Amino acid sequence: VGMTIIEKILARAAGRDQVEVGEFVVCAVDMTVLIDLQFATLWASPTRIADAERLAVIMDHAVPAPSVADADGGVRARAFVKQHGIKRFFDVGQHGICHQVIAENGLARPGEILTCTDSHTCAGGAYNTAARGLGPAEVYSVMCTGKTWFQVAPTFRYELVGEKPEGVTGKDIFLHIAGAYGDATNHNLEFGGPGLASVPMNDRRTIATQGAEISADFATFPVDEVCRAFLDARADRVYEPVDPDPDTAYESVREVDLASLEPYVARPGGVAHNAVPISQIEERPVNQCFIGSCANGQLEDLRIAADVLRGRKVAPGVRLIVTPASQAVYTEAIKAGYVEAIAESGAIVTNSTCGACFGYHMGVLGAGEVCLTASTRNFKGRMGSPDAEIYMASPYTVAASAIAGHVIDPRKVTV
Amino acid sequence: MNDVIEARAWVVGDSVDTDNMYPGFAMKLPLEEAAKHIFYDLRPGWTDQVEPGDIVIAGKNFGIGSSRPVAQLFKQLGVAALVAEEFNSLFLRNSINFGLPAVTIPGVTSTIADQDQVVLNVRTATIEKPADGTKLAGSPLPEFVLEIVAQGGLLPKLVADGYIPTDPGRVGRILGSPPAAGEQRPEA
């Protein structure tokens, strides 16, 4: 019986020829990433760790520290990396949202297993990695022992056909899938097909990241020429891509015609069966617009924002907050002139952090406010007050809506 | 951990997410205060009604969302177990790894009502309502996972195996209790 990408990766890591759906397997973990929250909330300096070379520490959720508790976490993180000789330490200033830093530094490698204390770790699936979020106790345990267990889940295969139109992004592809098919709880997502060639790496990462929003376990892509070009610029050693077997038995195969897609918007409260083509959405006035997070704070997202905003002004009564996904994205965006175009429009460009996306700092919503966000998650209360409403769309749609003052089809705002 | 838990059940619906149990603002609070915000919007006042030993029963896709350790908050309130029609896998692992039993039993929310007295067997994944004799069976967790729950989650095992230093201040923090007064940060 053929295996999916994930089944093959888990089998290799478990030292097995074959794994089957439903099985529990114990796997060696290739790379584990600790984030700042771990050190602020659940930490004791361990007596020993499995392998300093398979560990990275990334400061992202609460930087610069908005509280003494978070600052204390930073103190512990710095002491830990010094004590154990962790070379891959991304402190404030060399930092970014962990999934962006993972991508920039080639820490998510084809065919390998990556774990991290953040639910959007499935982002690494864009690079053919079996990547998933685990809780803080489990990541601590993997740090110590170098391994953990997985249950092999059934897989939904998304067969992409047709060519992605201009102005349609990975966000729109994902929202279409979430709207049409709903949750994938206890299932893996696997993407592929002839249409994939028209989907650039930043869009693949948006899609993989948001696998968590439909409750999936893993979300993976194959390595094609587009991916190989990305990886070769970052990999420090040879990698082994994993393709699915031709005779793989998927739970179901779902065809997505990219050419037929238009911009999508999710209504407040989640994305599953709650996202519609923008032509069907109400033109709600907005108070806050946000472009950022591991899903949409990439350089290409900032380019889109800059192109829409250049020479225009954010509508009166609207706040537009733009958060680069890493310090590297931030500096690249400055050099490319994106930050200037965004800031001159009246938007705020913040330092890189998970901040507003999880309602912790730098853009929290008040009661009665309406937000349109290009970030990861639109649960009730996610970005602040439970009495705020969070719509979700692409950076293109969010930037255009910030100018219009209400949710608008970006194709009506010519670049 | 006892395999059999006799408890009062609190029943919530489908897709109850982690932001509804451990909202962003509560992440800034000590655990004992954060625990007062579970279901803060879904079911205001619930944390004053729940009593140690009670269990929580949910519908499908329970715990979709973040890796934030919601189980630590339930344990602060003394919740003895979670049961759901279906769990988000990250949430299920997170519960088990903090020593909170998480049992999948399809059909449970149409059989058990809020405030019902139930008998839950964590090992066999069965739940019974003695009042009318109704019994439902789910999918049992494998032995090695039940073992993690039985030992109180992953951290006590790491302490026992010598990965975590045993001086009280440090262990206090990692096991989720507030730091002792005057606790030093030995590593800082």
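Me: In this predicted model, how should I read the accessibility of Asn186(A): is the residue buried, partly exposed or exposed?

Reply: Asn186(A) is partly exposed, because its relative accessible area of 29% falls between the cut-offs of 20% for buried and 50% for exposed. As for its place in the chain, Asn186(A) sits in the loop that runs between helix 6 (170-181) and strand 9 of chain A.

Me: What is there to notice about the phi of Asn186(A)?

Reply: The general idea is that most residues other than glycine have a negative phi, and that most peptide bonds are trans. Asn186(A) has a positive phi, near 60°, and is not a glycine. Asn61(B) lies in the loop between strand 2 (55-58) and helix 4 (70-77) of chain B, and it counts as buried because its relative accessibility is 2%.

Me: Which residues does the cis peptide bond join in chain A, and where is the proline found?

Reply: The cis bond joins Val63(A) and Pro64(A), with omega at about -20°, and Pro64(A) belongs to the loop between strand 3 (55-58) and helix 3 (68-84) of chain A.

Me: Is Gln298(A) in chain A buried or exposed, and which residues does it touch?

Reply: Gln298(A) is buried, because its relative accessible area is 7%, which is under the 20% cut-off. Leaving aside residues up to four places away in sequence, Gln298(A) touches Gln100(A), Asn202(A), Arg205(A), Thr206(A), Ala325(A) and Val329(A). Its own position is in the loop between helix 9 (293-296) and helix 10 (299-309) of chain A.

Me: How much area do chain B and chain A bury between them?

Reply: The size of an interface is often given as the accessible area lost when the parts come together. For chain B and chain A that area is about 4,100 Å², with 57% of it on carbon and sulfur atoms, and the contact involves 43 residues of chain B and 48 residues of chain A.

Me: How many salt bridges and polar contacts are counted between chain B and chain A, and which helix of chain B gives the most residues?

Reply: There are three salt bridges between the two chains; one that can be located is formed by Asp19(B) with Arg382(A), whose closest N and O atoms are 3.7 Å apart. Polar contact is counted for 20 residue pairs, both residues being at pLDDT 80 or more. On the side of chain B that touches chain A, the elements giving two or more residues are helix 5 (89-97), helix 7 (143-150), helix 8 (154-160) and helix 9 (168-174) of chain B, and helix 5 gives the most, with five residues. The residues of that side divide into 19 nonpolar, 12 polar and 12 charged.

Notes: Residues numbered from 1 in each chain as written. Chains lettered and ligands numbered in written order. Predicted model: local features only at pLDDT ≥ 70, side-chain atom pairs only at ≥ 80, totals over all residues. Heavy atoms only, no water. Contact = heavy atoms within 4.5 Å. Buried area = accessible area lost by both parts, 1.4 Å probe. Salt bridge = Lys/Arg side-chain N within 4 Å of Asp/Glu carboxyl O. Polar contact = N/O pair within 3.5 Å; in protein donor to acceptor, adjacent residues only side chain to side chain. Helix = DSSP H or I, 4+ residues; strand = E, 2+ residues; numbered from the N terminus. Nonpolar A, V, L, I, M, F, W, Y, C, P; charged D, E, K, R; others polar. Buried < 20%, exposed > 50% of the residue type's maximum accessible area, 1.4 Å probe, protein only.
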